[in-house]
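Colleague: I am new to this one. Can you put it up and walk me through the salt bridges, the core and a strand?

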Amino acid sequence: MCDQAPLPAEIGRTYDPQAIERPLYDWWRARGDFKPEIDPEQEPFVISMPPPNVTGALHLGHAIVAAVEDHLIRYHRMTGRPTLWVPGTDHAGIATQNVVEREIGKEGLTRHDLGREEFLKRVWQWKEIYHQRITEQHYALGISCDWDRERFTMDEGLSEAVREAFVRLYEEGLIYRGEYLINWCPRCATALSDLEVEHEPTDASLWHVRYWTEEGDASITVATTRPETILGDTAVAVHPEDERYASLIGRTVRLPVIGRLVPVIADEAVDREFGTGAVKITPAHDPVDYAVAQRHDLPLINIMHDDMTMNANAGPYEGQDRYECRENLVRDIREMGDLVKIEPYRHSLGHCQRCATVVEPRISTQWFVRADVLAKPAIEAVREGRVRIVPERFTRIYYNWMENIHDWCISRQLWWGHRIPVWYCDDCGEMIVAREEPTRCPACTSESLRQDPDVLDTWFSSGLWPFSTLGWPEETEDLAYFYPTSVLETAYDILFFWVARMIMLGIHMTGEPPFHTVYLHGLVRNEDGQKISKSMEDAERYDPLYIIQEYGLDPLRFTLLTGSTPGNDMKLAESRIEANRNFANKIWQATRFVLGNLGEDPDRFAPGAEPLDPATLDDDADRWIVSRFHALAAEATRLIEAYQLGEAGRQIYDFLWGEYCDWYIEMTKVRLRGEDHEAADTARRVLVYVLEGALRLLHPYMPFVTEALWQYLPHQGEALIVAPWPRAGARDEAALERMEGFMEVVRAIRNARSEYEVDPSRRIAALIAAGPRAPFMASQASALATLARIDEEQLQIVETLDAAPEQALALVIAGYEIYLPLAALVDLERERERLAQELTNVEQETQRASALLSNERFVANAPAEVVQKERDKLSAQEERRVKLEERLAALG
């Protein structure tokens, strides 16, 4: 245990984040503050970190994950619950393989040149380098996770979990191998799930092509955006109620160029309004056509190789690239006279999420999960409230997707990833699905076994993350105590990629949902609302490590937490980060002020374990600030428990800057400088009590500056990171009301000084009729004089007045009558002259605007916004005229 915080003996003059952040982080780790103790008497709070891909540097998306999750972890740790945050990284199959393939491409090599074994060695080398970089970046983000429990999705234990899940689902009939229409990326040379395809609006063409009947006595024209797939057509479909084609239903037509005969069928899925109302059916290359083929028992003809060159089924176009084939086939159809027309057409085109290549739907033999079976319990878990989604509006989106879920294609034609635990016997064709690698075929005892070359979709292993990281399928102590976890926090854009699959697999494998709350944050955009990308000219400004170097981690965290709300994108402005650095410096300077006024024995002012009772305090200012702090503690706790982290942070900010620093500290200066030592000590005790407690409230938002300042203040305990969360004590509502009135009086006098342009250094006279609150206001006379810049010797506080003084500015605020002698504010004669001249100017401008608005041609012909602007000007000038006349009248 390292008990001494790594800070200078004396607090520095200014806030220097670089001097405190990494030393404090290493100190917390050395102390073991990130590690929970298993306590069967308490319910733990657990978060499984969304594992970043081992493909490069962290970005602002990771920074907001780190900020939100670390906030929740630190808050719950301070409430006394055993708190575990499991860190880790994801092997990210297709993304990582793409990156490494690009790297070896620089050497003029492909993965096939290296071979599977050597290529995987290269990927593991990449993983080790970037895993360490990501870990260091996580340290820089200040996350308080248990690094001894760090996991990687291809660790031995997690690989065992993947094999167990696959075999179990296969044995239950929920995983199967079959020929099905899938999304195929020719660049990545692998199948993709529907979620891995991004659809983008694309300007294309719609080709209208004529198909002749077998007898040549009639024709039918179809419209297509992919004419090359004509070579794989197995039917032409029309709507059964479309009278235009009733006579053709049941007849056969010839495909252009290759001449193969296909039937004309009727199917209600045909949109009569699209194109000609007749559509070509290519079931091996279109999902809608595939469904039609299943209903009509049509053959499936695949016309493309894996690299999207045409195969033997394409006839004379064999070997051509799909787009080359398109060009040549269209030319040949035109020459035959059967290209009716080409028209522009805008449609949504699928692209690979990872490499942006246009995806090709195609028939392929793959492994699938029967997702509908797993989805039903996952839907019920949300409906029954066992899983809550924050914000709630995403619940409807979750239901919509889950209730219409398709079977999940989980096989990928990659080398990097979890190899599918299936082996094939070369001698008898037996398929073996096993948890451990077999040595002999159970059917024929042959040793000629080969493993399925494919790997599993990355999201399959990620779907097991909350429980595989705790030791599942073994019955470990961690799994028994820390599962189910508490909160899954992630971006809303992977609700289906990851969150839904975790809920499905968690319930199926363990019998329980993997977490009780899903907290979805939005995306971080630049201040213009644009998505932040590496291609932006000022991309470096949005690198979290650059921001941390410029401003410190705490200001970045505070900006991310208070600038966002659940499920909504946020605009990140550098000016906000700078403002929050100023906030950190503000509380730094406030702490320096407090420390500088504690005298030689500051520890006697250390707060006790129980909340301070405002009823034990004599001064209303003390009762007020303590009551306000207690109210803040209650409200911040309520908001955090409701996942309104931003609002809670904003209220803590407003309290510390606005009420504690700008009001209470200024009010205590009178007592601290005075002769009443008991009153001064009370002020010191309250200053420390409120600041120490507010630092505890702020700690989950700004952990480093709060820990540093807390260590300098008198306190109980060894470290703020494990200090108890503040409890809301009693409040003095009467003191709160009195002090609110007091502050309104101060604001009114300050506004009057500003309006009359009184020099800030000049102290003025004031007369206040306070009614029954006169004794209270008298008790705050020195504070009032200090805050409102009043000459205390010329401050009169009375209950009532027989008559209002002449030539005085009268203010009625919160039940107080305030009179400020005008002679004390301005030179009366010069002010009369100034006001008279300004009144003349205002009257002239009023006459001009009135004349203009009386002109019917102007009102009729000028743009509406111009006319309204003139009306607004006239209204403002008339209001100004009334005020000036009142000011002149007051001067006498």
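Modeller: Start with a network of salt bridges that links Lys35, Asp146, Asp148, Arg149 and Asp478. A salt bridge here is a side-chain nitrogen of Lys or Arg within 4 Å of a carboxyl oxygen of Asp or Glu.

Colleague: What kind of model is this, and how are residues numbered?

Modeller: It is a predicted model, where local features need pLDDT of at least 70 and side-chain atom pairs count only at pLDDT 80 or more, while totals for chains, interfaces and linings use all residues. Residues are numbered from 1 along each chain as its sequence is written, and side-chain values use heavy atoms, with hydrogens and water left out.

Colleague: How many salt bridges does the structure hold?

Modeller: The count is 58. In one of them, aspartate 478 meets arginine 149 at 2.7 Å, N to O. Aspartate 478 lies in helix α13 (residues 477-482) and arginine 149 in the loop between α5 (116-140) and β4 (151-152), so this pair ties together parts 329 residues apart in sequence. Helices (H or I, at least four residues) and strands (E, at least two) are DSSP runs, numbered from the N terminus.

Colleague: Are aspartate 478 and arginine 149 buried or exposed?

Modeller: Both are buried. Buried means under 20% relative accessible area, exposed over 50%, and partly exposed in between, with a 1.4 Å probe and protein chains only.

Colleague: New topic. Which residues touch the most other members of the largest nonpolar core?

Modeller: Leu656, Tyr660, Tyr701, Phe742, Leu784 and Leu820, in a core of 152 residues. Helix α19 (residues 645-673) gives the largest share, 13 residues. A nonpolar core is a set of buried Ala, Val, Leu, Ile, Met, Phe, Trp, Tyr and Cys residues joined through side-chain atoms within 4.5 Å.

Colleague: What does leucine 656 touch?

Modeller: Leaving out residues up to four places away in sequence, leucine 656 touches Phe583, Ile587, Cys661, Leu691, Ala694 and Leu698. Contact means heavy atoms within 4.5 Å.

Colleague: And strand β26, which strands does it pair with?

Modeller: β26 pairs with β27 (residues 790-798) in the parallel sense over five bridges, and three bridges join β26 to β29 (residues 816-821), running antiparallel. Two strands pair if DSSP finds at least two bridges between them. Alanine 766 has leucine 795 of β27 as its bridge partner, and isoleucine 768 stands opposite isoleucine 818 in β29.

Colleague: How many of the residues in β26 are buried?

Modeller: Six of its six residues, 764-769, are buried. Ile764, Ala766 and Ile768 point one way, and Ala765, Leu767 and Ala769 the other way.
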